[in-house]
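Reader: Hi! Could you walk me through this one?
Author: Happy to. Here it is.

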Amino acid sequence: MKKQSLFLIAMLLMIGVVNSSNAQLSFGGGAHTGLSFAAFPKAIKDFYGMGIGFGAQGDMNIIKYIAIRLNFDYHSFASDKEKIKQLLAAQNGVNAGDLDVSGLNASIVGITVNGLGKIPTGSMVTPYGVIGFGIHIASASDFKVKYQGQDQNVGLTGLGSDTNFGINFGAGAEFKLAAIKLYADFKYVLVFSKGESTGHLPFTVGVSLGG
């Protein structure tokens, strides 16, 4: 069975469990942004560092301290062009100053379902743990090289995208301000891609209305 089908079945089962309960549900939603640190496979990890991200979330609060969060995330990681130039120069015996490179910027789109377990503190600050799963779509922009101003054929165009199943877990805290919740969390996202698994570590801040 395809990973996408497993993801949809798991979502339906989760919704069914919630619908069969006697819990009083409440709903909320909002947007988030933040930074992320690449944890890519060994072959390319040295060429990627910190990236940026943004997205939106919808919250379904089952009981006071348990919630389900549906996340849509987009993260982008720029490649280190200087390191790539130095590698190409060493491999081809040319001066790095004669090279101009662009592209190979990576992006990851994630659609995930997450369970939040909140710790009651009796204050406006509520810590929580988060664990989830979902689908992640990774892609990279075309790589272009110029040597002394002339285009070179490096065969890295039309790279396409790769869709894989992944899990994530982490911790955070939310801050209740009337009908507005501010939150911040840090997660580890592990994507089971072909060959060596990949991932990233997003630090996210967001706002949610309702719920």
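Reader: Thanks! Let's start with H2: which residues on its other side are exposed?
Author: Those are Ala90 and Gln91. Keep in mind that this is a predicted model.

Reader: Noted. And which residues of H2 are buried?
Author: In H2, Ile84, Lys85, Leu88 and Ala89 are buried. They lie on the same side of H2, because the arc they cover around the axis is only 135 degrees.

Reader: Why would residues three or four places apart point the same way?
Author: An α-helix has 3.6 residues a turn, so residues with that spacing point the same way.

Reader: Nice. What do the buried residues of H2 pack against?
Author: Two strands: E4, residues 99–102, and E7, residues 144–147.

Reader: What about the ends? Which backbone nitrogen does a side-chain oxygen of Asp80 reach at the start of H2?
Author: That of Glu82: the Asp80 oxygen comes to within 3.2 Å of this nitrogen. Just after H2, Gly93 has a positive phi, about 65 degrees.

Reader: Changing topic: how many residues does the largest nonpolar core have?
Author: The largest nonpolar core has 15 residues. Phe40, Tyr48, Phe77, Ile84, Leu88, Phe143 and Val145 are those with the most contacts inside it. At least two residues of this core come from each of H2, E4 and strand E5 (106–118).

Reader: And which element gives the most to this core?
Author: H2 does, with three residues. As a general point, nonpolar side chains tend to be buried together in soluble globular proteins.

Reader: Can we zoom in on Tyr48? What is Tyr48 in contact with, leaving aside neighbours within four places in sequence?
Author: Its contacts are Ala38, Phe40, Phe77, Ala78, Ser79, Leu104 and Ala106.

Reader: Now the whole chain. How many helices and strands does the protein have?
Author: There are two helices and eleven strands. In sequence order the pattern is α-β-β-β-α-β-β-β-β-β-β-β-β.

Conventions
Residues numbered from 1 in each chain as written. Predicted model: local features only at pLDDT ≥ 70, side-chain atom pairs only at ≥ 80, totals over all residues. Heavy atoms only, no water. Buried < 20%, exposed > 50% of the residue type's maximum accessible area, 1.4 Å probe, protein only. Helix = DSSP H or I, 4+ residues; strand = E, 2+ residues; numbered from the N terminus. Arc of directions from axis to C-beta. Contact = heavy atoms within 4.5 Å. Polar contact = N/O pair within 3.5 Å; in protein donor to acceptor, adjacent residues only side chain to side chain. Core = buried A, V, L, I, M, F, W, Y, C linked by side-chain atoms within 4.5 Å.
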